[in-house]
Structure formats: C-alpha cells, structure tokens
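Visitor: Please put the structure up. I have some questions about its contacts.

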Amino acid sequence: FEDPAFTVRREAADCVGELAEPGDWFVIDKLLELSDDENDYVRVAALTVLPLLCEREERGLRCRSEVLQAILERLKDADADVREAAVTSLGMLACVGDKTAVDLTLLALEDSSRAVSDAAIQGLIRLGDVF
C-alpha cells in the first residue's frame with residue numbers, strides 16, 4: 001500500500017478487493033488512505049474496491065461514516081475517472097433515499113464528463129430516486 005510505484009499501490013488495492021473479507025477495517029483503512037493518493041489510478045482503484053468491503057450506510061447517518069466522507073471528498077476531484085468512481089461508490093454505499101447523497105448525485109448529473117453523469121444516473125437509481 002505504501003510502495004513508491006503507483007502501479008504497485010493500484011494493484012494492491014485491486015487485489016484486496018478479491019482477497020479481503022467484507023468488513024475488514026484494516027484493509028478498509030488502507031483503502032481510505034489510497035483514496036487520497038497522489039495518483040488518480042490509485043484513487044480510482046481504492047474507490048472501486050470500497051463498496052466490495054463495506055456495507056451500505058444505515059438510515060439516519062446522512063453520509064457521516066468515515067468511508068462516505070472520503071467518497072464525498074473525491075466527488076470534487078480534478079480527475080473525471082475519480083469523480084465517476086466516487087459517484088458510483090456513493091450510490092452503492094449511501095443509505096437508500098439519503099437526501100445528502102441524492103442531492104450530491106443530482107449535482108453530478110451536470111458534470112462535464114459524460115461518464116460521471118452516466119454514473120450519477122445509475123447512482124440515483126441505486127439511491128431510490130425516481131425519474
């Protein structure tokens with residue numbers, strides 16, 4: 001997770017998605033660190049794996065979990081692939097119907113990247129927003 005080569009950090013994130021048990025907080029904490037990595041490929045990998053290891057947030061928490069806070073930060077990332085991964089993860093992990101998650105996902109519909117806005121549509125479906 002701390003190798004100087006971004007390719008190794010990216011592969012580490014990908015591998016733990018296949019090997020780690022859901023709820024393994026040691027691994028989840030490492031992925032949270034990688035979600036803020038200097039390299040966009042590493043950030044994408046970390047954000048993609050988090051939903052495989054974490055449960056959907058419980059009703060009433062309003063995106064306050066450590067995992068969702070990290071995801072929310074990446075919604076503002078300069079890299080479109082990172083924003084796409086963040087929107088996808090938000091839709092998979094935020095509580096169904098959560099107003100904060102729905103509002104932020106609606107904003108992502110207006111993203112300059114088509115991939116981000118497409119991910120936002122899928123996220124709204126997962127969050128229970130009706131078109």
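Visitor: Which residue does Glu11 meet in a salt bridge?
Guide: This is a predicted model. Glu11 is partly exposed, with a relative accessible area of 39%. The N to O distance of its salt bridge is 3.6 Å. The partner side chain is that of Arg10.

Visitor: Is Arg74 buried or exposed?
Guide: Arg74 forms a salt bridge with Asp77 at 3.2 Å, N to O. The relative accessibility of Arg74 is 13%. Buried means under 20%, so Arg74 is buried.

Visitor: Which residues are linked with Arg74 in a network of salt bridges?
Guide: Asp77 has a relative accessible area of 9% and is buried. The Asp77 side chain meets that of Arg74. The network links Arg74 with Asp77, Asp36 and Arg43.

Visitor: How many residues apart in sequence are the parts tied together by Arg83 and Asp111?
Guide: Their side chains meet in a salt bridge at 2.7 Å, N to O. Arg83 lies in helix H5, Asp111 in the loop between H6 and H7, so the pair ties together parts separated by 28 residues.

Visitor: At what angle do the axes of H1 and H2 cross?
Guide: Arg9, Ala13 and Val16 of H1 contact Val27, Leu31 and Leu34 of H2. The crossing is left-handed. The axes come within 11 Å, and the angle is roughly 145 degrees.

Conventions
Residues are numbered from 1 along each chain as its sequence is written. This is a predicted model: local features need pLDDT of at least 70, side-chain atom pairs count only at pLDDT 80 or more; totals for chains, interfaces and linings use all residues. Side-chain values use heavy atoms; hydrogens and water are left out. Axes are lines fitted to C-alpha atoms, for helices over the stretch in contact, and angles run from 0 to 180 degrees between N-to-C directions. Helices (H or I, at least four residues) and strands (E, at least two) are DSSP runs, numbered from the N terminus. A crossing is left-handed if the near helix is turned anticlockwise from the far one by less than a right angle, and right-handed if clockwise. Contact means heavy atoms within 4.5 Å. A salt bridge is a side-chain nitrogen of Lys or Arg within 4 Å of a carboxyl oxygen of Asp or Glu. Buried means under 20% relative accessible area, exposed over 50%, partly exposed in between (1.4 Å probe, protein chains only).
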